[in-house]
Amino acid sequence: MIRVVIAEDQGMLLGALRSLLNMEDDIEVVGIGKNGEEAVALVHELQPDICIMDIEMPVKTGLDAAEALQDEACKIIILTTFARPGYFERARKAGVRGYLLKDNPIEELVGAIRDIMKGKRIYAPELVDFVYEMDSENPLTDRESQVLELVAEGKTTKEIASTLFLSAGTVRNYISTILEKLQVSNRIEAIARVKEKGWNK
């Protein structure tokens, strides 16, 4: 029997998932929680085979919980509405075995649970296109990343220059190089691109 814990902050979905999974002959839902903190506690207490979690939950997100459970034997499946590259990369780095979307049929989740128990990793087809992109390296140097971080904090060119002991002209050159490397046209797009790729971790 595959023992499962589910963490989901939407009560109706939580109940539906529990009922549907319990209808399977080889799956038993042994615990349910409404946030990431409860998920971590349930995994420690019940030692399930699988923990299925949403991402955006109160107290502790599913990704925070997945990172906290990285060293546990329990296999983590993220079940979310968000097909975001940044989320997906963070989940992969946390060792998540499955990343599935909520609008897919329950049969896909059931199949994924069984496949993951056999040692496979299951990612929603919609996310596969992101994998190659996310495996690419951050093109920015440490100093360029530092400059962009200060831009993201809302600092002016003059303030960045003062913080990093550079001239304002040098800072402008750095920003110009950053925009070129990231293939964006302004600072806001640069910040968004780095965040989307997960390069700001």
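## Legends to close-up views

**View 1. Glutamine 47 is placed in the loop between α2 and β3.** The model is predicted: local features require a pLDDT of at least 70 and side-chain atom pairs count only at pLDDT 80 or more, while totals for chains, interfaces and linings use all residues. Residues are numbered from 1 along each chain as its sequence is written, and side-chain values use heavy atoms, with hydrogens and water left out. Although glutamine 47 is not a glycine, its phi is positive, at about 50°. Glutamine 47 has a relative accessible area of 47% and is therefore partly exposed; buried means under 20% relative accessible area, exposed means over 50%, and partly exposed lies in between (1.4 Å probe, protein chains only).

**View 2. The protein chain is shown with its helices and strands, 10 and 6 in number.** Along the principal axes, the C-alpha atoms fill a box of roughly 70 × 30 × 30 Å. The chain has 201 residues, of which 41% count as buried. Among contacts between residues at least 6 apart in sequence, 61% join residues at least 24 apart; a contact here means heavy atoms within 4.5 Å.

**View 3. The largest nonpolar core contains 26 residues.** A nonpolar core is a set of buried Ala, Val, Leu, Ile, Met, Phe, Trp, Tyr and Cys residues joined through side-chain atoms within 4.5 Å. Cys51, Met53, Ile76, Ile78 and Tyr99 touch the most other members of this core. At least two of its residues come from each of β1 (2–7), α2 (36–46), β3 (50–53), α3 (62–68), β4 (75–80), α4 and β5 (98–101). The largest share, 4 residues, is supplied by α2. Apart from this core lies another, of 19 residues, which includes Ile50, Ile52, Ile77 and Ile113. In soluble globular proteins, nonpolar side chains tend to be buried together.

**View 4. Isoleucine 78 is shown with the residues that it touches.** Residues up to four places away in sequence are not counted; the partners are then Met53, Ile55, Gly62, Leu63, Ala91, Val96, Gly98, Tyr99 and Leu100. Just after α4, glycine 95 takes a positive phi of about 80°.

**View 5. Helix α7 meets helix α9 (residues 168–182).** Two packed helices are described by the angle between their axes and the distance between the axes. The axes of α7 and α9 come within 10 Å and cross at roughly 100°; axes are lines fitted to C-alpha atoms, for helices over the stretch in contact, and angles run from 0 to 180 degrees between N-to-C directions. The two helices are therefore roughly perpendicular, a term for angles of 65 to 115 degrees. In α7, Arg143, Glu144, Val147, Leu148 and Val151 meet Tyr174, Ile175, Thr177, Ile178, Lys181 and Leu182 in α9. These residues divide into 7 nonpolar, 1 polar and 3 charged; Ala, Val, Leu, Ile, Met, Phe, Trp, Tyr, Cys and Pro count as nonpolar, Asp, Glu, Lys and Arg as charged, and the others, Gly among them, as polar.

**View 6. Glutamate 144 lies in helix α7 (residues 142–152).** Its relative accessible area is 6%, so glutamate 144 is buried. Leaving aside neighbours within four places in sequence, glutamate 144 is in contact with Pro139, Tyr174, Thr177, Ile178 and Lys181.

**View 7. Helix α7 packs with helix α10 (residues 187–197).** The angle is about 110° and the axes are 10 Å apart. The two helices are therefore roughly perpendicular to each other. Leu148, Val151 and Ala152 in α7 meet Arg187, Ala190, Ile191 and Val194 in α10. Of the residues in this contact, 6 are nonpolar, none is polar and 1 is charged.

**View 8. Glutamine 183 is placed in the loop between α9 and α10.** Glutamine 183 is not a glycine, yet its phi is positive, near 55°. With 68% relative accessibility, glutamine 183 counts as exposed.

**View 9. Threonine 163 belongs to helix α8 (residues 157–164).** Threonine 163 is partly exposed, with a relative accessible area of 41%. Not counting residues up to four places away in sequence, threonine 163 touches Leu150 and Lys155. The C-alpha atoms of threonine 163 and valine 147 are separated by 9.6 Å, and these residues are 16 residues apart along the chain.

Technical notes:
Angles under 35 degrees count as roughly parallel, over 145 as roughly antiparallel, 65 to 115 as roughly perpendicular and the rest as oblique.
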